[in-house]
Amino acid sequence: MNTKYSLFLVFLALILVSGCQSLIEDPKGSLTPGTYFKTQSDLDASVSAIYIQFARDGAWGFTNRSTSYFGSDDFTTDPGLNKEDFRLFDRLSGGSGNLSLVAQWQGPWQGIYQANNVIANYAKVGSTDVLKNQAAGQAYFLRALGYFYLVRTFGPVPIILTQIDVNDRPPRDPVDKVYAAIISDLQKAKELLPISFPNQPGKANQMAARSLLADVYLSMTGWPLNQESNYKLAADEANSVMQSGVYNLNTPYATVFTTNNSSESIFGFQYNVSGGLPLRSAGSSSVPLDEIATNGSSGWDDYYPEINFYKNAPKCSRTDATFYTTIKLRQPDGKTFKLVPWDSPETHAGHPYYKKFRAGLNGDGVSETETTIDAINPSTNKVYDVIRYPQVLLIYAEASAMAAGGPTAASYSAINQVRKRAGLPDLTTGLSATAFRDAVVYERAYEFAGEFGVRWFDIVRLQLLPQIVAARSSAENPIPANTNFAQKYLAPIPVNEMSRNPTWTQNDGY
């Protein structure tokens, strides 16, 4: 399990430093801030360190980045084995002592502290204003990204925008103030960042900042702020990305998940196994325990969709590319496989799985044919796309419809682009604003099934847990009777952080 670090001590930890795309460690990473920022190379290396703090295994590099999001219907886990940390949140019973929860807290904070270091010192570097501003813009974006996930996951958190003393114990700030800080950072990132970084995938650009800001405004329209005036702001930011013409849905859905930096990838963390930074939420993590490759490797059974979430999926090519429904059971000869349906009594979990997370990058996760499995690997070079262009289209569709009191032709056009790529017909016309919104939320659920918190955050902002639980199959991990759903939209603050901050009050229900 992950070692627990205080958010107030993270800047004392060893910083893993690399070039923005190279993952070779740079010895400058061990220098102090006072001697570090001298050249553009120093600054670029420190910005790269921010990305690594988010992407590493103890943060967002493994499935535990989604620990508290297992309450969603697109996530469940094994009823036994060593999945207790995920299973507790799947049952809406997770607590502050959950060790896997630490990745959700620790990862963003370490990134935020490294970003603060860059923002405090970038102006001192002997370089051009353009290059310094590009570095600072990425730091502002990444700091906003960290706070966006923290505030939606944990609610009130301290707003720390400068380097602080190790003994400081700032209070948790209200949610509206955290969002204000996020918006401020993203507005600054928009000013400093170029529209694109040609041939430099993985660097956050102005379009990434605008896309994230659109998502921020949309989130603010729902619980807990319920600021419906932000619908228009969300639509405007999303529309600016759409009008840029930088991104498109020309890449087939299945191909998005087997290649890197596709035509719809707006922002993603870059992974490199040989450089010591693997993505470990693809491959083994999403493969059935029942499946054993010819080389003896097997699946981990960490996560898969709930049964009724799968059954309620639209009939289309996207669904075929999303879900894995035929399990390959290796036979006694070790070379041949018996193919059985996901609900066969011969399977361990009796669930469908995710197909789109199996392959990794061109098969460096699961190497297989239609009837055999050669190898199942836990470490892949697959980019993890945090922001894909379909999210921008669906944000625009929902926000423009809600801002106008009903869907416009442009609202329909945006969602229909996503549906067309999925192999679905255009959405029925004449829907009310609420019915259209619900159609967009449904579309988002399956476009982003199993992806980093997307479904869960819709459930949170629209307060959908009662409906989600009511639709849950009796075959899922049981949720205790009399569970107070209203107290489950936020995760608890990890217990070690609470002990270091005695003035904080734990979230309700924990």
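Are Lys83 and Asp302 buried or exposed? Both are buried, where buried means under 20% relative accessible area, exposed over 50% and partly exposed in between, with a 1.4 Å probe and protein chains only.

Before I go on, a note on the basis. This is a predicted model, in which local features need pLDDT of at least 70 and side-chain atom pairs count only at pLDDT 80 or more, while totals for chains, interfaces and linings use all residues. Residues are numbered from 1 along each chain as its sequence is written, and side-chain values use heavy atoms, with hydrogens and water left out.

Salt bridges, then. The term stands for a side-chain nitrogen of Lys or Arg within 4 Å of a carboxyl oxygen of Asp or Glu. By this rule there are 30 salt bridges. One of them joins Lys83 and Asp302, at 2.7 Å from N to O. Lys83 is in the loop between helix 2 (40-55) and helix 3 (84-90), and Asp302 is in the loop between strand 1 (265-269) and helix 10 (307-311), so this contact ties together parts 219 residues apart in sequence. Helices (H or I, at least four residues) and strands (E, at least two) are DSSP runs, numbered from the N terminus.

Next, Lys190 and Glu237 form a salt bridge, with the closest N and O atoms 2.8 Å apart. That pair links distant parts of the chain, Lys190 being in helix 6 (residues 175-192) and Glu237 in helix 8 (residues 230-244), 47 residues apart. Lys190 and Glu237 are both buried.

For Glu306 and Arg472, the closest N and O atoms of the salt bridge are 2.7 Å apart. Both residues are buried.

There is also a network of salt bridges; among its members are Glu264, Arg318, Lys356 and Glu451.

Now the rings. The whole structure has 38 aromatic pairs. Rings of Phe, Tyr and Trp (its six-membered ring) pair if their centres lie within 6.5 Å; planes under 30 degrees apart count as stacked, over 60 as edge-to-face and the rest as tilted. Phe54 and Trp60 make a tilted pair, 5.1 Å centre to centre with 55 degrees between the planes. Both of these residues are buried. Trp109 and Tyr147 are edge-to-face, at 5.5 Å and 80 degrees. Trp109 is in helix 4 (residues 102-121) and Tyr147 in helix 5 (residues 129-154), 38 residues apart.

Last, charges over rings, meaning NZ of Lys or CZ of Arg within 6 Å of the ring centre and within 35 degrees of the ring normal. Arg65 has its charged end over the ring of Tyr384, 3.8 Å from the centre. Arg280 lies over the face of Phe62, 4.4 Å from the ring centre.
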